[in-house]
Amino acid sequence: MKVAITGGIGSGKSFVCSLLKKRGIAVYDCDAAAKRLMRTSPELQQQLIELIGPEAYGASKTSKPSKASMPSEPSMTLNKAEVARFLLASPENAQALDAIVHPAVARDFVASGQQWMECAILYESGFDRLVDKVIVVTAPLEVRIQRVMQRDSISREKTLEWMGRQWLQEEVLRHADYGIVNDGNTDLDRQIDDFLSRNNVMS
């Protein structure tokens with residue numbers, strides 16, 4: 001059974017994933033995978049250059065592959081500022097970028113053979129079609145706002161702007177199979193145990 005962990009910014013889904021990893025459950029990180037593929041996949045790099053322009057990448061400062069990169073995956077320096085500028089310029093730009101990156105991540109997840117994934121934009125990306133069950137991690141709005149402001153050192157206004165780019169928490173809950181409350185008070189381990197036992201998943 002394949003399971004996805006999702007949740008809005010500040011919900012604490014990554015912390016829930018860390019608890020799963022302590023139980024021996026490996027979780028595929030879609031966001032980290034997207035960054036890795038944009039850095040190492042020649043096919044993806046070419047598509048991004050054609051979409052954004054040659055300024056999407058810069059020359060690598062070193063010709064040696066990093067320890068995290070396989071020898072067959074040459075690393076290029078992604079111009080994050082330029083990619084962000086392109087992404088935020090218009091909804092059409094964001095859709096065009098997603099149309100390139102999302103399929104690459106989906107293929108990589110399938111090829112990884114992993115059963116669990118963490119994905120912030122599970123339904124927006126269509127990745128829900130890759131799994132059998134969806135867990136959404138939730139938290140009160142104000143708790144989420146404070147977490148993001150402290151974590152990223154950004155203003156309340158900027159935090160709300162980022163939240164506005166994602167599905168409403170209530171909407172995700174309606175689509176998900178199971179909800180985990182991460183409000184700082186409710187026992188997370190007990191909720192994880194409940195999901196695992198309900199679905200006969202061994203940890």
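The model is predicted. The protein has 10 helices and seven strands. Its radius of gyration is 18 Å, close to the 17 Å that the globule rule gives for 203 residues, so the protein is as compact as a globular protein of that length.

**Overall build**

- Along the principal axes, the C-alpha atoms fill a box of roughly 50 × 40 × 30 Å.
- Of the 203 residues, 41% are buried.
- Take the contacts between residues at least 6 apart in sequence: 70% of them join residues at least 24 apart.
- The accessible surface is about 11500 Å². Carbon and sulfur atoms account for 54% of that surface.

**Helix 7 and its surroundings**

- Helix 7 spans residues 141-152, which makes 12 residues.
- From first C-alpha to last, helix 7 reaches 16 Å, close to the 16 Å expected at 1.5 Å a residue.
- Its buried residues are R144, I145 and V148. Viewed down the axis of helix 7, these buried residues fall within an arc of 100°, so they line one face of the helix.
- The cover over the buried residues of helix 7 includes helix 8 (156-163) and helix 9 (169-175).

- S153 sits in the loop between helix 7 and helix 8.
- Its phi is near 55°, a positive value in a residue other than glycine.
- S153 has 66% relative accessibility; the cut-off for exposed is over 50%, so S153 counts as exposed.

**N200, after helix 10**

- N200 belongs to the segment after helix 10 (188-198).
- Phi of N200 is also positive, near 55°, and N200 is a residue other than glycine.
- The relative accessible area of N200 is 70%, so this residue is exposed.

**S90, between helices 4 and 5**

- S90 lies in the loop between helix 4 (80-89) and helix 5 (91-112).
- With a relative accessible area of 19%, S90 falls under the 20% cut-off and is therefore buried.
- The S90 side chain reaches the backbone nitrogen of N93 at 3.0 Å.

How values were computed: Residues are numbered from 1 along each chain as its sequence is written. This is a predicted model: local features need pLDDT of at least 70, side-chain atom pairs count only at pLDDT 80 or more; totals for chains, interfaces and linings use all residues. Side-chain values use heavy atoms; hydrogens and water are left out. Helices (H or I, at least four residues) and strands (E, at least two) are DSSP runs, numbered from the N terminus. The expected span of a helix is 1.5 Å times one less than its number of residues. Buried means under 20% relative accessible area, exposed over 50%, partly exposed in between (1.4 Å probe, protein chains only). The arc is that of the directions from the helix axis to the C-beta atoms. Contact means heavy atoms within 4.5 Å. The radius of gyration is taken over C-alpha atoms; the globule rule is 2.2 Å times the number of residues to the power 0.38. Accessible areas come from the Shrake-Rupley method with a 1.4 Å probe; for residues, only the protein chains shown count as cover. A polar contact is a pair of N or O atoms within 3.5 Å; within protein, one must be able to donate a hydrogen and the other to accept it, and residues adjacent in sequence count only if both atoms are side-chain atoms.
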